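Here is a short briefing on one protein chain. Look at the sequence and the 3D structure, then work through the points by topic.

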Amino acid sequence: MQNRGAIIALAIILVVVCLYQLSFTFVSQKYEDQAIEFAAGDPDLKRQYLDSIANEPVYNLFVKNYTFNEVQSNELGLGLDLKGGMNVTLEVSVVDVIKSMANNSQDPTFLKALEDAKLAQQNSQLDFVTLFQQSFEAIDPNAELAAIFATLDLQDKVKIGDSNDDVINVIKQEADDAISRSFNILRTRIDKFGVTQPNIQQLGSGRILVELPGVKDPERVHKLLQGTAKLEFWETYTFGESVQYLIEINKALKDVVAREKLVNEQNDTSQVTPSPIEALKNAGDEVAEGTAVEDTSKEEGLDLLDALTNDSLAEDTSGISFDEFAAENPLFALLTPADYGIETVQDQEAVYALPRLGFAAVKDVPKINEYLSRPEIQGLMPRDMKFLWTVKPIGEKNNILELIAIKTTGRDGKARLEGDKISNAFQDFDQYSRSPEIRMQMNAEGAKEWKRMTGDNVGKAVAIVLDDYVYSYPTVQGEIAGGNSNITGNFTINEAKDLANILKAGKLPAPARIVEEAVVGPSLGAESIRSGFMSFIIALVLVLIYMIFYYNNAGIASDIALLANIFFIIGVLASVGATLTLPGIAGIVLTIGMSVDANILIFERIREEMAQGKGLRLAIADGYSAAYSAIIDANVTTFLTALVLFLFGSGPIQGFATTLMIGIITSLFSAIFITRLIFDSRLNKNKSIKFDTGLTKGAFKNLTIDWVSKRKIYYIISGIVIAIGISSIVTSGFNLGVDFQGGRTYVVRFDESKTGKVSTADVRAQLTAPLESAPEVKTFGPSNQVKITTTYLINSADLEADDIARKAIIDGLNIEDDQIMSSQKVGPTIADDIKVGAMKAVAAALVIIFLYILLRFRRWTYGAGAILALSHDVLVVLGIFSIFKGILPFSLEIDQAFIAAILTVMGYSINDTVVVFDRIREYLGIHHKKDMNTVINSALNSTISRTLNTSITIAVVLIAIVLFGGEVIRGFAFALLVGVLVGTYSSVCIATPVVVDFGAKALRSGTKK
């Protein structure tokens, strides 16, 4: 074996990398278990525990200390279908952006164009702004958009006389800006929401994907994600004005804490280390974040001491432990006062003039909020005083927040100025073009109030607040008239751009509406893990036993390679930051079956070489060489279909495709090189290697089946099956999932001890009135679990529609919220996109496969045979799903998972077909003088052993998934099972006969037909 040393080195490197990456998962799970034990079932306590160690070193590896956050970011993540949570796709309301830009114009052409564009969007792939332009110009070809959009706010961008195309470009730019702002605002909201490992990403077309693991309150999430940004400008109290209240609060809390006995062994103040003080020692100039309006800058950094010595504290703290100090000072144990460690009078004056009251660790903020919200504490403060936290953590570990004192206005407690008064804000540079700054412009109403507000607060700070978090608190240098202001400070360009975006957040109200949603309860996620793991173990054991049964001790080598392959797949998934989903587990299980295919190809070729009388060592070498071509071709075509699935799929489907692609690559390495290393080792030690057993020796050898002459019989059989399937499709159609038609689904589990036997008819009757029409109700898995599908309020623009629909289910069935095990929503525009994407994926896969076959075999007849065989397989699977819907005891929905199954079937089928074509090409090159049909029959018969063995192993795997993999992926696995069986048939009985009928003579003569 050539390059043996390099292959061994590569294998060692791969093992080390996988072990390294997976070690983070083991460490993370260790601390997760500790948090669960500590919390004793309380999810809030669990989160608080994990927050407390988030920035603490928990893992030392290769002289590097990793914090818990870093460990979590490197672990193998689980998808929401495995651990529960919410997956939400939001779409920013471009309609509201356009209305706001037009100052809510009542022009009838404008309003009609908006309505027409909304209707057109449901069945179009064009963006909304383009559809709006088309509708506007169709209604009145002579109408000018500039007449509507030449407003005071857009005076620098749109002028009377501008062409419609120019105005549309401005609208598109403003819409893109609004989407970016919405994304940034949502990201900040989610960061503050308190979930572990959230994920948010822009998907294009104004859509934003949000994944929130472990969330149990969908209504709260809806309000969090769909609310319009609330930008406000608040007056502030200075530290000098507020410090006396802090001292009084601290004294009062001492008695309150003692009286209520909040301190206990598991959740006492000793658990709260003085991390704000320690972290601030090296915070430097990050500590002071206040910027100033007009000609000012950030403060100097604070030089903090090692012990509390400031006179503002109630008593001297020297000589006492932190525990003792915390017992006497509950507030100051968590909140380090802003003047802590300040020595010079000048620095003290600067600190006392700012609204910053103190610093606290992120993990201590909830406790401080709880303290400050107590009625007895509220009574110690002025009625117009409230506290808000800064949004951006500071300090060496980025785990410190600042507490800001806010002054409310009037009885309603509102801010003096809100963000809807801002007409524009952008990042610029100062007059010397050196320092970044923000230029802010207000409309006429805002300019008047801004003049009064700045005039009343010269020398004091104004807090810029978005969604109740302080983004900046610049100091007013003087009264500002005209509505134009400069905010200066020691900004970086990115910081200035971010603050400008925040200021613009109040300019255009662009709520993000949920257009697609999936909610998985934690118990269902745990069940998915159990069922997925069960199917994985059963499939693995069956394949391991089968390979030994059929190939003797060569099968043991294959099993070792298979186990190594599984280890590599999981390790690589962790290394690339992929998320393991339930379809991903199905991908691993499927890879178990497919990964042995390469070994089966090799072993069958070795058996053929040995049958020709070659010695074992030579037979092994020639067997590997002869099998390479078929292995490479088969795996490349499968990889290409997986790639198409990854590019056109989304969410869990991408997870399946990722796992499949990684599995194909690692299985090639394991099957070809690891087994070869094992064989070479045994040969060097003069140990025997057997490729059959007493039961399998000579199996499928010397077959003389005349496949070619029977091809018309196969055509008739396939034609009848396809005709029956098409007839069923035309007459009864499919069971379309909400992915393709839009709607809502709810999986509800009943307690039969209370409700008795569950009747789908009764459930349907109970929900007909609340949902305003009869929903579709089917048993889903166990007899006490049903799946409810409805279109209730699916087209509603009401931001509370999702909560209303969920409540209708709960009230109609008289169940608890946690009895809804999972739910899904797909809006009509998303459903249309999914359908189009599915068609594109299948078409792209067919084109790519045809081109690859054409390139590798250099005959269009091979490509035609492959494509017709694939079309045959797809039509048969579609027909079976139409015929047997409602008959089989599990769901046969046509959804995204089904499309994934179809593409996977295409990958497997072409894999099988390529192996057959490769052998035909080889035989035609060797047997020049034999009859064409005889040569092709011989080639087909020589592949039967490999074809059946591969099909059996994969079928065994898929049967394990169907039986034990859980209801969620049962229909998916069934589609794969049918496809594998049909694909095995078509590769021999359809693809090859088509090649023969289209141009057998051209194959031998080398001319193109």
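Contact here means heavy atoms within 4.5 Å. Angles between elements run from 0 to 180 degrees and compare N-to-C directions. The model is predicted.

**The chain as a whole**

- The protein chain has 1009 residues, and buried residues make up 55% of them.
- It holds 32 helices and 26 strands.
- Its C-alpha trace spans about 105 × 80 × 70 Å along the principal axes.
- The chain exposes about 43200 Å², and 55% of that comes from carbon and sulfur atoms.
- Take the contacts between residues at least 6 apart in sequence: 75% of them join residues at least 24 apart.

**Confidence**

- The mean pLDDT of the chain is 83. A value of 70 or more is reached by 91% of the residues.
- Where is confidence highest, and where is it lowest? Helix α23 (residues 711-732) has the highest mean, at 95. Helix α12 (residues 275-280) has the lowest, at 40.
- Over residues 265-292 the pLDDT stays under 50. The model has 83 contacts beyond four places in sequence for this stretch.
- Residues 294-317 also have pLDDT below 50. This stretch has 64 contacts in the model beyond near neighbours in sequence.

**The eight-stranded sheet**

- Eight strands form an open sheet with antiparallel pairing. Their order is β5-β6-β4-β19-β25-β22-β24-β23.
- From one strand to the next, the twist averages 20°.
- Strands of a sheet pair through backbone hydrogen bonds, either parallel or antiparallel.
- β23 and β24 (residues 785-790) run antiparallel and are joined by four bridges. Glu776 has Thr789 in β24 as its bridge partner.

**Helices across the sheet**

- Helix α26 (residues 760-768) lies across β23 and β24. Its angle to β23 is about 150°.

**Val763, in helix α26**

- Val763 sits in helix α26.
- Is Val763 buried or exposed? Its relative accessibility is 3%, and buried means under 20%, so Val763 counts as buried.
- Leaving out residues up to four places away in sequence, Val763 touches Phe750, Val758, Val777, Ile788 and Leu813.
- Val763 and Pro775 are twelve residues apart along the chain, and their C-alpha atoms are separated by 9.0 Å.

**Arg946, in helix α31**

- Arg946 belongs to helix α31 (residues 932-964).
- Arg946 has a relative accessible area of 3%, so this residue is buried.
- Which side chain makes a polar contact with the side chain of Arg946? The partner is Asn911, at 3.3 Å.
- Neighbours within four places in sequence aside, Arg946 is in contact with Asp597, Ile600, Leu601, Glu604, Asn911, Asp912 and Val915.

Conventions:
Residues are numbered from 1 along each chain as its sequence is written. Side-chain values use heavy atoms; hydrogens and water are left out. pLDDT is the predictor's confidence in each residue, from 0 to 100. Helices (H or I, at least four residues) and strands (E, at least two) are DSSP runs, numbered from the N terminus. Buried means under 20% relative accessible area, exposed over 50%, partly exposed in between (1.4 Å probe, protein chains only). A polar contact is a pair of N or O atoms within 3.5 Å; within protein, one must be able to donate a hydrogen and the other to accept it, and residues adjacent in sequence count only if both atoms are side-chain atoms. Two strands pair if DSSP finds at least two bridges between them. Accessible areas come from the Shrake-Rupley method with a 1.4 Å probe; for residues, only the protein chains shown count as cover.
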